[in-house]
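Me: I'd like to go through the helix packing and the cavities here. Can you take my questions as they come?
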Amino acid sequence: MMMLTLAGASLDPASHPNRLIVAVRFMVVAVAWVATGSTFLFMAINRFSQVRERTRQFAILRVLGGSLFFILTLLLQETLLVALPGTIAGIVLAYFHEWLISTVLGGLFVLRTPYSFWLPAGMIAASVFFLASSCSAWRATKLEVLDALAYED
């Protein structure tokens, strides 16, 4: 559970009767979910555009004997190579920003994130990226070879 520190007083928003603290906690959670949703949309659009730009490459791979499973595996390996370092960098940046805010504001408003959030945050980030990439990889396997070779950018 996150602890909220306002002006040096630590409060547990779930048990404190002050409605302002509960509203602040609600807003932090709402912003986090909106950020997660917009990140998913951004990643999905990015991966779909990458697949669209590489349509001819996939068609050439199919003509040269590449199976649908090979193309799917290729795209999912790329996803893993991007998602893992991105997840680690995101966790490191979260703690860096936590330190930066607490240093700049001098303890006026500090949001402490426990280490137990690492695994769930990493799993959510990696699974969102993997889901977006899986959708685009599935689309890449459904391309018709002749249509893809005739495709102009």
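Reply: One term before we start: a cavity is a set of grid points where a 1.4 Å probe fits but cannot get out, and lining residues have an atom within 4 Å of a point. Also, this is a predicted model.

Me: Which residues line the second largest cavity?
Reply: The lining consists of F58, A59, R62, I71, A140, L143, E144, V145 and A148. By class that is seven nonpolar, no polar and two charged.

Me: And which helix gives the most to that lining?
Reply: Helix α2, with three residues. Both α2 and α5 (145–149) supply at least two residues each.

Me: Switching to packing. At what angle do α2 and α3 pack?
Reply: About 140°, with the axes 10 Å apart; α2 covers residues 55–63 and α3 covers residues 68–105. Angles over 145 degrees count as roughly antiparallel, so α2 and α3 are classed as oblique to each other.

Me: What is the hand of the crossing where α2 passes α3?
Reply: Right-handed.

Me: Which residues meet there, α2 against α3?
Reply: From α2, F58, L61 and R62; from α3, L68, F70, I71, L74 and L75. The contact of α2 with α3 divides into seven nonpolar residues, no polar and one charged.

Me: Now α3 and α4. What angle, and how far apart are the axes?
Reply: About 155°, with the axes 8 Å apart, α4 being residues 118–141. That makes α3 and α4 roughly antiparallel to each other. α3 passes α4 in a right-handed crossing.

Me: Which residues make that contact between α3 and α4?
Reply: On the α3 side, L68, I71, L72, L75, L76, T79, V82, A83, T87, I91 and Y95. On the α4 side, W118, G122, A125, A126, F129, F130, S133, S134, A137, W138, A140 and T141.

Me: How many of the residues in the contact of α3 with α4 are polar, and how many charged?
Reply: Six are polar and none charged, with 17 nonpolar.

Key
Residues numbered from 1 in each chain as written. Predicted model: local features only at pLDDT ≥ 70, side-chain atom pairs only at ≥ 80, totals over all residues. Heavy atoms only, no water. Axes fitted to C-alpha atoms, helices over the stretch in contact; angles between N-to-C directions. Helix = DSSP H or I, 4+ residues; strand = E, 2+ residues; numbered from the N terminus. Parallel < 35°, antiparallel > 145°, perpendicular 65-115°, else oblique. Left-handed = near helix turned anticlockwise from the far one by under 90°. Contact = heavy atoms within 4.5 Å. Nonpolar A, V, L, I, M, F, W, Y, C, P; charged D, E, K, R; others polar. 1 Å grid on protein atoms, 1.4 Å probe; cavity = no way out; pocket = protein on both sides within 12 Å on 5 of 7 lines; lining within 4 Å.
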